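Trainee: I'm new to this one, could you walk me through it?
Mentor: Gladly; bring your questions one at a time and we'll go through them together.
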Amino acid sequence: MQKEYINLKLDPYKGGKYMLVVFHLVPKKGEDLLACASEVAAESSTGSNLRVGTATKFSDDLNAIVYKVNKKKNLVWIAFPWKIFDRGGNVQNILTYVVGNVFGMSNLKALRALDCWFPSQMLKNYDGPSTTIMDAKKYLGIKDRPILGTIVKPKIGLKPKEFAEVCFQFWSGGGDFVKFDEPQADQEFCPFKEVVVEIRKAMNKAEKKTGKKKLMSFNISAADFMTMKERGDFIRKKMKKGSYIFLVDGITAGWSAVQTARRLWPDVFIHFHRAGHGCMTREENPIGYTVPFMTKFGRLAGASGMHTGTAGIGKMAGTKGEDINAAHQALFKKSKGDFFEQDWGRIKGMCPIVSGGLNPVLLKPYADAVGTTDFITTMGGGVHSHPGGTASGAAALLQACEAWQKKIGLKKYAKDHEELAQAIEFYVKKIPYTKKYLV
Ligand code: CAP
Ligand code: MG
């Protein structure tokens, strides 16, 4: 037990000194919950496993403090003096403390960060989003509906002209937004600079054909930030202002890659793809953190949009409660988590990006659940497998959205919308659980 890291009488909100985190913590057999919590507080702030003679009164005041425990539920609340964090709004530094070494402590069976809270005094130091979904919707000229997107599929393997053709087909079918898939970068068979030029041509053609503006989310993740910057700058040279979005693989390229993109290009929508997050966020993981917890840091880092899961409707693990809560934590000025109510103050909203195993029939259940139209949905398999091809898949998605907006049942709307009718027949057969969402 490291008593210097415990104060069950602390007022955690006093003076806005502390960032708060609640953990689910299960000690190794025979270990005491409070004692373990104090070890976690030590390791995630000033301490180690032993009290050191070099500690000073000043350093002791920077100790993280266990201020509440619930032994029955294995919950512990820890207050972190946010002055210990690298000043200048560095998100990776916070995570290095709070969900860093502590995940390796041998005296723990489980440690999962469930929720967190930031005082307004701390929020002042962090970027938050600059360009938002409002800007993207204004550019597209759409109001009371989500942005309808796809991911180029196959995930990898198309050559530049083939890749651009898939973009053209989706845009010409009525879709708004196309994204690179998370591993698409600068591959030998699809050189980055070549595919950017082809995409520009396809976008011009689609905008001319449809009379509507289109968006492209380019993956700029790279081996180093210099290359990431080169890719971003090349896109800015070749693409029309406002028509491009920068996608960063925020987990594998890293939180600093997200913040670098946000700081280099505040006028660009930064798309946080979270490939790899499952090792931390899956509900069955004893060690890790929740989707809402992770999403809050995506907003702090300044992503304009972040994948927040399909609320149990698509192919990826994730519960309705967590994913919808994550979407609200991302977007709303005030968001209520399972343990804390966050007022984001001046920090702009980050939009949910909803993707993974979706098809046009599955738009409605998510849209009904999330209670806002300020989100982007991207459907890959669920568009490019449409019997009529990509353009028909896009048309079916648009028709499904129209039906939702007009509050008309999909089957009824499909009576005079062929692509939607084909989609319903096809996806109900291919993905049987889709049927339960067919109203
Ligand atoms: C979706 C996707 C996205 C996942 C990411 C994929 O494709 O392109 O990367 O949605 O998951 O590769 O699976 P499909 P999440 O539409 O074909 O499933 O949004 O949960 O981070
Ligand atoms: Mg993908």
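Predicted model: local features only at pLDDT ≥ 70, side-chain atom pairs only at ≥ 80, totals over all residues.

Trainee: How far is V248 from K3?
Mentor: The two are 245 residues apart along the chain, and their C-alpha atoms are separated by 42 Å.

Trainee: Which way do β8 and β9 run relative to each other, parallel or antiparallel?
Mentor: Strand β8, residues 244-249, and β9 run parallel and are joined by five bridges. As one example of the pairing, I245 has F269 in β9 as its bridge partner.

Trainee: How many residues of β9 are buried?
Mentor: Five of the five residues in β9, which spans 269-273, are buried, so the strand is largely enclosed by the rest of the structure. Both of its faces are covered, with F269, H271 and H273 buried on one side and I270 and F272 buried on the other.

Trainee: What do the buried residues of α9 pack against?
Mentor: They pack against α3, α8 (225-238), β8, β9 and α11. The buried residues in helix α9, which covers residues 255-264, are W255, A257, V258, Q259, A261 and R262.

Trainee: You mentioned α3 and α11; at what angle do those two pack?
Mentor: Helix α3 (residues 91-98) and helix α11 (residues 291-301) pack at an angle of about 150°, with their axes 10 Å apart. That angle makes α3 roughly antiparallel to α11, because angles over 145 degrees are counted that way.

Trainee: Which residues meet there?
Mentor: From α3 there are V91, I94, L95 and V98, which meet F293, F297, L300 and A301 from α11. The residues of this contact divide into eight nonpolar, no polar and no charged.

Trainee: Changing topic, in what order do the strands of the five-stranded open sheet come?
Mentor: The order is β2-β3-β1-β4-β10, and the pairing in this open sheet is mixed. Strands β2 (65-70) and β10 (287-289) stand at the edges with a single partner strand each, so one side of each is left without a neighbour in the sheet. From one strand to the next, the twist averages 20°.

Trainee: How many bridges join β4 to β10?
Mentor: Three bridges join β10 to strand β4, residues 108-117, and the two run parallel. Within that pairing, R112 stands opposite G288 in β10.

Trainee: What about the magnesium ion, which residues are its protein donors?
Mentor: The protein donors of the magnesium ion (ligand 2) are D181, through OD, and E182, through OE, lying 1.9 Å from the ion. D181 is buried with a relative accessible area of 2%, and E182 counts as buried at 15% relative accessibility.

Trainee: Last one: in which helix does T390 lie?
Mentor: T390 lies in helix α15, residues 390-405, and T390 is buried, with a relative accessible area of 15%. Apart from neighbours within four places in sequence, T390 is in contact with V166, Q169, F170, V383 and H384.

Terms used
Residues numbered from 1 in each chain as written. Chains lettered and ligands numbered in written order. Heavy atoms only, no water. Axes fitted to C-alpha atoms, helices over the stretch in contact; angles between N-to-C directions. Helix = DSSP H or I, 4+ residues; strand = E, 2+ residues; numbered from the N terminus. Parallel < 35°, antiparallel > 145°, perpendicular 65-115°, else oblique. Contact = heavy atoms within 4.5 Å. Nonpolar A, V, L, I, M, F, W, Y, C, P; charged D, E, K, R; others polar. Donors = N, O, S within 2.8 Å, 3.2 Å for Na, K, Ca; no water. Buried < 20%, exposed > 50% of the residue type's maximum accessible area, 1.4 Å probe, protein only. Pairing = 2+ DSSP bridges.
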